Amino acid sequence: MLSVTVNGLKSNEATLSIMPNQVLENSESLTQLLSGMKVRGGIDALGEQDVYTFVALAGSKVNIQLLPLQSRAKLGLQMLNPNGGMLLHRKASVGGTYIAVQNFEIEATGIYTLVISSEMVSAYQLSIDIDAPTGSAKTSVLLGEGQTAVKGTELAEPILLLITDKRGQPVANADVVLTQKSIASEEAKKLQVIKRNSLKKNESAPSPAAAKAGLTDTQLESLKSDSYGMVAVKVAAPNLVEDFQLRVSVPGIPDIEPILLTVKVISAPVAKINIEKTEQNCGSQCPVGEVLPDPWAVTFLDAQGNGIKDLRVDWLIVSGEGKLGKSASSTTKRTLQVDTDENGKIEVYHKLGDKLYVNGGNSDISNSLVKIPQIAMMAIPGQSAPVIFTAEAKAGAISRVISSSLTDLQGTMYTQSFNALGLIAKDAYGNPVSDAEVKVISPTPDSGIEILPGDIQGVPINGFRTNNRGIWLADIKMSEAIPTIDEFGNKDTQGLAETYVINLQIGSKALKYKLDIDMGPILLTQKSDRRITAIVGQPLEEEISFKPHGFMRNSQSEPLTGEKAMWNDVMEWKLTGEGYRWEGPKSAYARDDITRIKDFTKVMPTHQKADDIHFSVLNYADEGTEMEVIDSKLVCKEDKDIWQCRGEDQVHYYAHRAGKVKVTNVGDFYANQPVFVKAVIPEYRHGIFVGDTYDTRWGIVRETYYKDLTGYATIYPKPIQLSFVIEDPFSSGSDDLSSYPGIGNVSGIDLQMLNITMPNGTVINASNLQDSIQLNQSPNFAQLWLDHHQIGVITEEVLHLKPEHMQLIYSPKASELNKGSNTFKLSISDASGNSAAEASCTFTYPTSIKCQE
């Protein structure tokens, strides 16, 4: 109790409610939260969900943190609005990490729900802070507003009120007075207020004006708000077909304006409801943000089949953030009251919300998109069970296209640039637009440039259409196209093409890219298939060659004229005491030099010296990829008839050269990431033959130096995946010995009796299961499902479960297999001690990875 004493004068006393900021989960019922609270809870069984509620005013900013305690559980968090619709859905992408929700804005005052889940048994801590809007103190209706009741019956819902102060914080122990507004009828009976299963009446004297008019206001009840600032009351309607109002006031807080609640009373209950439809999909799903083509139509009839006129029906949006209206042009409200016409019929128009996915903005493409249901609910007068109306939604028309690549592109002639083009299509509300067609307007294939569908993580894109995230990627294949940059890096050389323009059309949107094509050099993988793959533990069938890829104008395409030009910083081929060697850099005249050639349709590959080439493997998780270097220098094939590829001359002369590597083992397992073979030529020298010396007619070369010339080959190891399914199902029959009717006589699977025998004889059982099988991570990426719930981490608690259904998915390492026949055996017993059941899988590695039993 709190009171104030001044000069011996003592004020009245006020009751203070002090709530602890650290509480424990209430396992018997819902746990109600206040701002600043921290809750310690736990998921004690698979499939269990913990539910919490909190009250928030419109405009509040909510901050939530959920973190696991002493475990690597993957926790999940859902927030539901007061009508049960999903507002957000978060899931930890990695076990042991926390979930944070920051400054989530509350749109409507009400009771919100938090649902906590986990993929395994685990403890957690949940904290919440609510930054409420400041302003006037007020009374808010959380539940029970605008109800309809049959005369003389109790309202279907209790009336739940929230009292808040100027800070937006709940006010405990506030006096709340409920008054029945006067009804213009001499036969009117006093409203019955039911609270804690008792009826109370407390009439106040009518005002003189009201007495003169024959009207009376009746004070029904004086209540106190609880520790959460809430007041709950049950109400019964008078035994007359008269609508009435409840006046709610808080006398102790003058700043709080009284509010009025109207209750509509009908003479007879609804006997039959005709509903035209409860689902709409517009033929192929309905665009978000638009009004459904047909209104939701409902007719209310009495026992005689007559329409009930002037029946007030409440509608509200449960999920999807849509809007309702009495006409297609007035869909502006999330809650709507509609009165039936003379035939007992109502029509409600539904405009869908503008968001398609809870996590549509999530950039992590490994997480599945969670669609937001579009749901409207109709409350039936006099009944507690509502009717649900749903619509299948899709993204709207393309409003915005985001380019996921640069608009100024550059490639090398006679190459294919993988995933060089990328775009994301979104509608006006930011939703990804799937299955949208991408049209290539230019260039046309006869230009020597072709646009081809790309891939995402090695999986090919489905033609020229966006995927479910609105993404489309494409390769640029440059074959016979004239370059725009010459072999010396110039763009203004006569005979070069102008910069190419790539024009794409998707929906009504156009994208424009500029493409320059150079003549190299780049270090290119000599492999025809972009997806290089082999079964884990096996070699690649082909060697991987890395070859500098570059071109120069073909001097033989023009007739000899004897013209000469001075070149600076060139290398001249000369006879020395050690034989023919390059001398320079120097200045020299070149006869019939390359600059006189204006035809870039006829080119020839450039030549390389025998530079060192270095190979390495880039692994994601130490997969153990092995390789054997075949050629560690840029060498040309030994050929006695070609003196540049003969003995010592190879070292000094330019020729067509490549380095090679043999991947002898793609890796012991697949880590859900590709393996890269990297090749680097340090201080690479690129030689262009610019012409012959004027007198000796030996070659003159302009060398260009590059710090590193780097290339990559991408390898995708192909894993072996085994799946075992075991069930101990209950089948009802005449010999049912269940102790309780309706409860299956299932003992369950005893995980303590699990035995997995590997092909090499190693046995995995309950004693070493936790160390032997790492769930959802390398190297085995095992998945364990018990009673259709995926397990995140194997703990002692999990091992003591007795599930009815079990599935184990396991990817063995190559080192765990024998060459030839391999048999995996899995045996397990039920919890009643019956004989063990055994499942086995036999396959031949590496030729036939299919079970033979």
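# Rings, strands and burial in a predicted model

Q: Which ring does Lys564 lie over?
A: Lys564 lies over the face of Tyr589, 4.4 Å from the ring centre. The rule asks for NZ of Lys or CZ of Arg within 6 Å of the ring centre and within 35 degrees of the ring normal.

Q: What kind of model is this?
A: This is a predicted model, where local features need pLDDT of at least 70, side-chain atom pairs count only at pLDDT 80 or more, and totals for chains, interfaces and linings use all residues. Residues are numbered from 1 along each chain as its sequence is written, and side-chain values use heavy atoms, with hydrogens and water left out.

Q: How many aromatic pairs are there?
A: The count is 10. Rings of Phe, Tyr and Trp (its six-membered ring) pair if their centres lie within 6.5 Å; planes under 30 degrees apart are stacked, over 60 edge-to-face, the rest tilted.

Q: What about Phe464 and Trp472?
A: They form a tilted pair, 5.7 Å centre to centre with 35° between the planes.

Q: Is Trp472 buried or exposed?
A: Buried, at 0% relative accessibility. Phe464 is partly exposed, at 30%. Buried means under 20% relative accessible area, exposed over 50%, partly exposed in between (1.4 Å probe, protein chains only).

Q: And Phe488 with Trp567, what geometry?
A: Tilted, with 5.8 Å centre to centre and 45° between the planes. The pair links distant parts of the chain, 79 residues apart. Phe488 is in the loop between β41 (471-478) and β42 (500-506), and Trp567 is in strand β48 (residues 564-576). Phe488 is partly exposed at 23%, while Trp567 is buried at 9%.

Q: Switching to sheets. What is the order of the five-strand open sheet?
A: The order is β24-β32-β31-β27-β29, with mixed pairing. Strands are DSSP runs of E, at least two residues; helices are H or I, at least four; both are numbered from the N terminus. Two strands pair if DSSP finds at least two bridges between them.

Q: Why is one side of β24 and of β29 left without a neighbour in the sheet?
A: β24 (279-280) and β29 (335-339) stand at the edges, so each has a single partner strand.

Q: How do β31 and β32 pair?
A: Antiparallel, over five bridges, with β31 at residues 374-379 and β32 at 387-391. Ile375 has Thr390 in β32 as its bridge partner.

Q: How many helices and strands in the protein?
A: Four helices and 63 strands. Buried residues make up 44% of its 853 residues.
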